[in-house]
Amino acid sequence: MGHTRKRGALLKHRSMPMSIKQNFSADALPDFRNLGVIARVLLAVNAFAFAAALVAEPAWGATLVRFLRAAALIEPMLLATLVALSLSPILARLAYWQGCTVVLAIAMAVSGSVHVAMVPADNEPAALLRSLVLAAVTVASLLAYLRLLTRAYSPALSEARLQALQSRIRPHFLFNSLNAVLSLVRRDPRRAERALEDLADLFRVLMQDSRSFVRLADEIALLERYAAIEQLRLGERLAITWELDGAPRDALLPPMVLQPLLENAVYHGVEPGTGTGTVLVRIERRGARVLARIENPYFEEHARRAGNRMAQENIRERLQLFFDAEARLSSRVAGGRYLVELEMPYRRAKT
């Protein structure tokens, strides 16, 4: 599983995290590879087909029969169109209205091809025209709906939400860390200076544009800076085991989603104990997914200590803003350890 190492020294490499702008414009095509977008399209089209069947045949049994017949033609069209859109290499490079035109053209071409292959020839001309018109109306309606949905996450709204969410990150370690630094000023001024630099880097990241992605390598560096600060305060009571050989350091993720989890592990799993508390940080790539796991000792009597659920809900909401339904955060207790697992799609930073 790669090498495992315990870190107690301060981080030597101090490059500043580099943020990567992510497009949250309302005039942006949806990502047709996103599971949330795919689910919304499937549900919307099938709901529209069922509503049309209900209007045409109000009787319940006749409605179901009509819907199933329509679905036999709609589902192949819909699935083929989604596959074509997800594999199209040019959509991301086009302006919004150009992209809409291409999406409409792809949908109508796929719908026409599927219709010709599945509908008997004697009914083809009128049925084909009707199928193309319905495909055009459906695509236009879905693009309008998805655009309205994107507007809900427009820069003003998403920035306000993200900054409000990030402000919930507990500031208690700041005051504890400053006290630890003050105790070092006279007896080890060089170490105190390095700790203040780490602290400054942490808050510089916290105040940067929260609408940007960061590289996993920068987030790991942030974790190590935070760990170095906490090591000052807790000394031998804190032992962190890092398993990072499988970490895809070029992966993109929202800023400050891992640091609060490590902070929780220290706050809830190390501080309440009297001996050494070992925290495990494991990050790896599995196929098209990035997995992060943070473990810490579990103290049942401190399970309801304030802040843990709030921090996790904070991260869940931010993951949803950035990745929609493609990311998840879960936690559980096993073998006297508290485990938090984060999973998100692997998106590689462009060099």
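1. In this predicted model, glutamate 326 and arginine 347 form a salt bridge whose closest N and O atoms are 3.5 Å apart. The pair links distant parts of the chain, since glutamate 326 sits in the loop between helix H10 (308-323) and strand S8 (328-334) while arginine 347 belongs to the segment after S9, 21 residues apart. Glutamate 326 is buried, with a relative accessible area of 10%, whereas arginine 347, at 22%, counts as partly exposed.

2. A salt bridge also joins the side chains of glutamate 341 and arginine 293, with an N to O distance of 3.8 Å. Glutamate 341 lies in strand S9 (residues 337-345) and arginine 293 in strand S7 (residues 289-297), so this pair ties together parts that are 48 residues apart in sequence. Glutamate 341 counts as buried because its relative accessibility is 18%, and the cut-off for that class is under 20%. Both residues belong to one network, in which salt bridges that share partners join Arg293, Glu295, Arg332, Arg337 and Glu341.

3. The count of salt bridges comes to 14, and one of them is formed by arginine 233 with glutamate 271, the closest N and O atoms being 2.6 Å apart. Arginine 233 is in helix H8 and glutamate 271 in the loop between H9 and strand S6 (277-286), so the contact ties together parts that are 38 residues apart in sequence. Arginine 233 is partly exposed at 24% relative accessibility, while glutamate 271, at 17%, is buried.

4. Helix H8 (residues 216-234) packs with H9 at an angle of about 25°, their axes being 10 Å apart, and the two helices are therefore roughly parallel to each other. Their crossing is right-handed. Helix H9 (residues 259-269) is mostly covered, with 11 of its 11 residues buried; among them are Glu263, Asn264 and His268, as well as Leu261, Leu262 and Val266.

5. Helix H2 (residues 60-87) and helix H3 (residues 96-118) pack with their axes 9 Å apart and at an angle of about 140°, which makes H2 oblique to H3. The crossing of H2 and H3 is right-handed. In the loop between helix H1 (35-56) and H2 lies glutamate 57, which is partly exposed with a relative accessible area of 30%. The C-alpha atoms of glutamate 57 and phenylalanine 67 are separated by 9.5 Å, the two residues being 10 residues apart along the chain.

6. Leucine 129 is found in helix H4 (residues 124-151) and counts as exposed at 56% relative accessibility.

Terms used: Residues are numbered from 1 along each chain as its sequence is written. This is a predicted model: local features need pLDDT of at least 70, side-chain atom pairs count only at pLDDT 80 or more; totals for chains, interfaces and linings use all residues. Side-chain values use heavy atoms; hydrogens and water are left out. Helices (H or I, at least four residues) and strands (E, at least two) are DSSP runs, numbered from the N terminus. Buried means under 20% relative accessible area, exposed over 50%, partly exposed in between (1.4 Å probe, protein chains only). Axes are lines fitted to C-alpha atoms, for helices over the stretch in contact, and angles run from 0 to 180 degrees between N-to-C directions. Angles under 35 degrees count as roughly parallel, over 145 as roughly antiparallel, 65 to 115 as roughly perpendicular and the rest as oblique. A crossing is left-handed if the near helix is turned anticlockwise from the far one by less than a right angle, and right-handed if clockwise. A salt bridge is a side-chain nitrogen of Lys or Arg within 4 Å of a carboxyl oxygen of Asp or Glu.
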